[in-house]
Amino acid sequence: MDKVFIAIPAYNEEKTIAKVIEDLLQADYKNIIIIDDGSKDETVNIVKKYPVYLCQHQLNCGQGAALRTGTEFALKNKADVIVHFDADGQHQVKDINNFIIKIKEGYDIVIGSRFLGDSYNNIPFTKRYFIHKPAIIFNWFFTGLKMTDAHSGFRALSRKAAKQIRITLNRMAHSTEIPGEVIKNQLKFAEVPIDVIYNDYGQKFSDGFKIIADLLKHKILK
Amino acid sequence: MSLIQIFIVIFIAYVIYRLSVKLRKRDMSIQLFLLWLVFWIIVAVVIVLPQTTQILADWLGVGRGVDVVIYISIVVLFYIVFRVYSRIEKIERDITYLVKDISLENVQKGEKQKMEQSEQ
């Protein structure tokens, strides 16, 4: 059987992390790696109560960095499939299996799309038209890859893809980085519908600008 | 000499003094010291005798000597900001790399799993 690792970056997620871990354990996912990205709250102590791997960043390095750490740990432990999952409870455990199935079908990278899922209509109108749609266009412009939802952060990588993809941007811009890597490495890519639950802890509108700033900086300085 | 010129010259004297202290403590190489010394002496000359910049201004085709100094300063400052910026980016990347490696060496596993393993 394929060895599946779930990598969850967590930064100050004491409110939600316990439920996320419990749901995953209940669904019988055994290899869960939580990457604590220098949280200042109780996140670490909560995670320690559960039978999951805990990897601690001494300093806050950003979600991209945390995902890279998690991915590297999974590779070291001979993972066949690596799933990137969110610690704030917006992703559904029930969707993970669809990712794994796709990877088993031979895809290298599977990205969850909110725009294909049923819950899309629950996303606030403003968020849909002022954050998501521009993000799609922005990604397409930068990467040339058309995907309905590149910023979900819910994705699965095959072992091969995980080895090839290098997440170099530390903060949130990693989501845009990945499609570029897909093209560069000629990976087989698929999308699966996912449902998301929106809470107050998601990304703010201003974060969209931060992501754009990160990317421009990267392009200029490279 | 106006008051501002006096202040700036005193400041430059202080900077040169700090440089010489650094040199004596061997915190700084003699080459670097000379470079900075020449730089600050030029600044002092420009402050005390602003007319000197007129030579440069005429040569470059800029109207006033003061303008030449400002233009050059802006270009140099922008360049320095860019350098510092790239430096910080690189340091950030290096720190991330270190943090990652340290964290990967100290991966823990929660208690319940240990109990389960000992039962098996």
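**View 1. Strand β5 of chain A and the strands beside it.** Strand β5(A) is joined to strand β6 of chain A, residues 155-158, by three bridges, and the two run antiparallel; helices (H or I, at least four residues) and strands (E, at least two) are DSSP runs, numbered from the N terminus. This is a predicted model, in which local features need pLDDT of at least 70 and side-chain atom pairs count only at pLDDT 80 or more, whereas totals for chains, interfaces and linings use all residues. Residues are numbered from 1 along each chain as its sequence is written, while chains are lettered from A and ligands numbered from 1 in the order in which they are written. With β7(A), strand β5 of chain A, which spans residues 109-113, pairs in the parallel sense over five bridges. I109(A) stands opposite L157(A) in β6(A) and also opposite F189(A) in β7(A), and G112(A) faces V192(A) in β7(A). Because four of the five residues of β5(A) are buried, this strand is largely enclosed by the rest of the structure; a residue is buried if 20 or more other C-beta atoms lie within 10 Å of its own, exposed if 12 or fewer, and partly exposed in between, with C-beta atoms placed from the backbone.

**View 2. The open sheet that takes strands from chain A and chain B.** Eight strands, in the order β7(A)-β5(A)-β6(A)-β4(A)-β1(A)-β2(A)-β3(A)-β1(B), form an open sheet with mixed pairing, where two strands pair if DSSP finds at least two bridges between them. The bridge partner of Y53(A) in β1(B) is K109(B).

**View 3. The largest nonpolar core.** This core holds 55 residues, of which A7(A), I33(A) and V83(A) touch the most other members; a nonpolar core is a set of buried Ala, Val, Leu, Ile, Met, Phe, Trp, Tyr and Cys residues joined through C-beta atoms within 7 Å. Strand β1 of chain A, residues 4-10, gives the most to the core, with six residues. Leaving aside neighbours within four places in sequence, the contacts of A7(A) include I33(A), I35(A), L67(A), I82(A), V83(A) and F85(A), where two residues are in contact if their C-beta atoms, placed from the backbone, lie within 7 Å.

**View 4. The side of chain B that touches chain A.** The contact takes 19 residues from chain B and 20 residues from chain A. In chain B, α4 (65-105), β1 (108-109) and α5 (111-119) each supply at least two residues of this side, and the largest share, ten residues, comes from α4(B).

**View 5. Chain B as a whole.** Chain B has five helices and one strand, which follow the pattern α-α-α-α-β-α along the sequence. The C-alpha atoms of chain B fill a box of roughly 90 × 35 × 30 Å, taken along the principal axes. Of the 120 residues of chain B, 4% count as buried. Chain B is divided into domain 1 (1-49) and domain 2 (66-105), with bounds that come from an automatic or database domain assignment, and the C-alpha centres of these two domains lie 25 Å apart.
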